[in-house]
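Subject: Handing over a structure

Hello,

Here is the structure I promised to pass on. Please open it first, then read my notes below.

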Amino acid sequence: MTSFQIQCFLTVGLYMNLSRAAEALFITQPAISRHISNLEKELGSQLFDRQYKPIRFTDAGRLWYQYFTRCEEEFGKTMRQTTANTRQQCEPIKISICNVWDCNDQLQKSLDSFSAAHPEQELVFAPSLPVNLTHAMSQDYGKADVLFHLEKVLRKLPDYRYFQLARIPNALFYSTRHPLAGKKDLSLADFEDSTFLYIADDDDLISNSDICQRIISVFLNIFSKAPKMQMVESSELAITMLEDGQGVMMRDEWARLRYYPQIKYITVPDEESVGLAWNTKSDNPAVYQLAREVVNYFRAAEDSAQDF
């Protein structure tokens with residue numbers, strides 16, 4: 001039995017998907033299947049029931065997952081204790097969050113849970129991450145240990161490993177000053193003649209054409225024609241125009257626009273995949289521990305919601 005076999009098992013148990021787990025570990029699906037098979041032979045137990053989609057733990061697999069998770073947590077605690085013996089205190093973990101988001105309840109609770117379990121480990125917030133990361137990642141943002149952002153952004157960053165947290169709905173945001181704001185039973189179709197605002201972005205990670213195509217693909221299924229688009233030079237100007245009723249915007253439902261008193265929104269039939277990425281070059285073992293515990297927190301919350 002090797003530590004990598006155990007890591008493969010824990011990662012498959014995290015995603016309940018062999019392909020996603022293999023991608024997270026940067027190996028092929030046949031390779032991760034082989035590691036799981038070898039581990040099953042050594043443990044003398046089948047760990048997953050593969051006849052279901054997604055796959056499920058067997059009873060033995062669930063017990064082994066809980067055991068190896070406890071071992072990993074204990075290993076992390078021991079590493080932190082030995083590190084503390086050579087330092088006056090642990091290095092703080094630097095966290096950055098997409099700057100258009102509010103640190104929502106679930107994300108904040110996951111960080112609070114980690115802090116409660118590891119009071120010796122300080123969490124500090126680095127500058128918020130803009131949507132445009134090309135320039136930012138070369139400066140202070142690049143020093144962050146854990147990043148929270150859209151999947152399509154995080155997966156393109158070098159030296160960071162991605163974990164999915166959730167899929168969240170997109171929404172159409174509009175102002176109480178918008179001409180349609182007072183309409184009864186307002187629906188997405190009512191905004192067919194509205195101007196859709198999007199922010200100028202010279203970033204390779206999320207280009208202007210990507211943003212436009214995403215909006216067009218969503219609303220062509222709702223409107224009888226392509227939506228009218230207007231590029232705005234900055235997020236500040238876009239929000240000012242939105243508040244004045246000069247246009248509407250599509251953002252995900254974690255956006256802090258939800259809390260603006262003069263802004264309303266309608267959920268859109270479209271989702272964004274959001275997650276975290278941790279710096280694989282960090283010397284602090286607690287960085288990976290934080291990533292694992294936040295992911296497990298979100299997964300537990302999702303399981304509880306499904307059970308309910």
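Which residues are buried in helix α8 (residues 235-243)? They are Ala-238, Met-241, Leu-242 and Glu-243. Buried means under 20% relative accessible area; exposed means over 50%, and partly exposed lies in between (1.4 Å probe, protein chains only). Helices (H or I, at least four residues) and strands (E, at least two) are DSSP runs, numbered from the N terminus.

Some ground rules. This is a predicted model, in which local features need pLDDT of at least 70 and side-chain atom pairs count only at pLDDT 80 or more, while totals for chains, interfaces and linings use all residues. Residues are numbered from 1 along each chain as its sequence is written, and side-chain values use heavy atoms, with hydrogens and water left out.

Confidence

pLDDT is the predictor's confidence in each residue, from 0 to 100. The chain has a mean pLDDT of 83, and 86% of its residues reach 70 or more. Residues 134-141 fall below 50; this stretch has 17 contacts in the model beyond near neighbours in sequence. Residues 202-207 are also below 50, with 18 such contacts. A contact means heavy atoms within 4.5 Å.

The chain as a whole

There are nine helices and ten strands. The chain has 308 residues, and 47% of them count as buried. Take the contacts with a separation of 6 or more: residues 24 or more positions apart account for 73% of them.

The largest nonpolar core holds 52 residues. Phe-9, Phe-48, Ile-93, Trp-101, Phe-148, Leu-276 and Leu-290 touch the most other members. Another core, of 15 residues, lies apart from it; Leu-172, Tyr-174, Ala-181 and Leu-186 are among them. A nonpolar core is a set of buried Ala, Val, Leu, Ile, Met, Phe, Trp, Tyr and Cys residues joined through side-chain atoms within 4.5 Å.

Helix α1

Helix α1 covers residues 3-15. Its 13 residues should span 18 Å at 1.5 Å a residue, and its end C-alpha atoms are 19 Å apart, which agrees. The expected span is 1.5 Å times one less than the number of residues. Ten of the 13 residues are buried, so α1 is largely enclosed by the rest of the structure. Phe-9, named above for the largest core, is one of these buried residues. Others include Gln-5, Ile-6 and Tyr-15. Just after α1, Met-16 takes a positive phi of about 50°.

Strand β10 (263-279) is mostly covered: twelve of its 17 residues are buried. Two strands pair if DSSP finds at least two bridges between them. Strand β5 (residues 146-150) runs antiparallel to β10, joined by five bridges. Strand β6 (residues 160-175) pairs with β10 in the antiparallel sense over 15 bridges. Leu-276 in β10 stands opposite Phe-148, and Leu-276 is also the bridge partner of Phe-163.

Back to α8

What do the buried residues of α8 pack against? They pack against β6, β7 (195-199), β8 (228-232), β9 and β10. Just after α8, Gly-245 takes a positive phi of about 80°.

Arg-258

Arg-258 sits in the loop between β9 (249-252) and β10. Arg-258 is partly exposed, with a relative accessible area of 24%. Arg-258 and Asp-102 are 156 residues apart in sequence, yet 8.9 Å apart in space, C-alpha to C-alpha.

Best wishes
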